[in-house]
Amino acid sequence: GDTLDSSKEIQVAWNNLGDDVIYTVNIKTSAQSVYSVSTEARNIIIPSETLKNNTSYFINVTAQRIFGDVDFEKDNYYSVSKILSNSISFFTE
């Protein structure tokens, strides 16, 4: 509930959704995407000064797991499971 200090690193973390999951974190203003990163880790650190002062942001995390073989060379199946979190808003100072 507190305002975040954009002059410092900001850590974002979430629950583990299993093995072999890629997480994509996207931070937006109401008008545009300002920061996006993909990782296998369950957290990220947004570098200091990446976000602007006195700005409202929205963050969401997408989790994606790919099963099988995309090229159908080793396995004869391929599927993608994808989960998108709700957007969470925050304000920087």
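**Labels and their grounds**

Guide: Let us begin with I66, whose relative accessibility is 41% and which counts as partly exposed. The model is a predicted one.

Visitor: Why is I66 called partly exposed?

Guide: Buried means under 20% and exposed means over 50%, with partly exposed in between. The value for I66 is 41%, therefore I66 is partly exposed. This residue lies in strand β5. Together with V70, F72, Y78 and V80, I66 makes a nonpolar surface patch of about 440 Å².

Visitor: How do you know that N26 is buried?

Guide: N26 has a relative accessible area of 17%. Because the limit for buried is under 20%, N26 is buried. N26 lies in strand β2.

Visitor: What makes the pairing of N26 and S33 a polar contact?

Guide: The side chains of N26 and S33 are joined at 2.7 Å. The cut-off for a pair of N or O atoms is within 3.5 Å, so this pair meets the distance condition. Leaving aside neighbours within four places in sequence, N26 is also in contact with other residues, including Y35, F58 and N60.

Visitor: Which residues have the most contacts inside the largest nonpolar core?

Guide: They are V12, W14, I27, I44, I46 and L51, in a core of 16 residues. Strands β1, β2, β4 and β5 each give two or more residues to this core. Not counting residues up to four places away in sequence, L51 touches S6, I10, I27, V34, I46, Y57, F90 and T92.

How values were computed:
Residues are numbered from 1 along each chain as its sequence is written. This is a predicted model: local features need pLDDT of at least 70, side-chain atom pairs count only at pLDDT 80 or more; totals for chains, interfaces and linings use all residues. Side-chain values use heavy atoms; hydrogens and water are left out. A nonpolar core is a set of buried Ala, Val, Leu, Ile, Met, Phe, Trp, Tyr and Cys residues joined through side-chain atoms within 4.5 Å. Buried means under 20% relative accessible area, exposed over 50%, partly exposed in between (1.4 Å probe, protein chains only). Helices (H or I, at least four residues) and strands (E, at least two) are DSSP runs, numbered from the N terminus. Contact means heavy atoms within 4.5 Å. A polar contact is a pair of N or O atoms within 3.5 Å; within protein, one must be able to donate a hydrogen and the other to accept it, and residues adjacent in sequence count only if both atoms are side-chain atoms. Patches are made of residues with over 30% relative accessible area and no salt bridge: like charges are joined within 9 Å, nonpolar side chains (Val, Leu, Ile, Met, Phe, Trp, Tyr) within 5 Å. Accessible areas come from the Shrake-Rupley method with a 1.4 Å probe; for residues, only the protein chains shown count as cover. A salt bridge is a side-chain nitrogen of Lys or Arg within 4 Å of a carboxyl oxygen of Asp or Glu.
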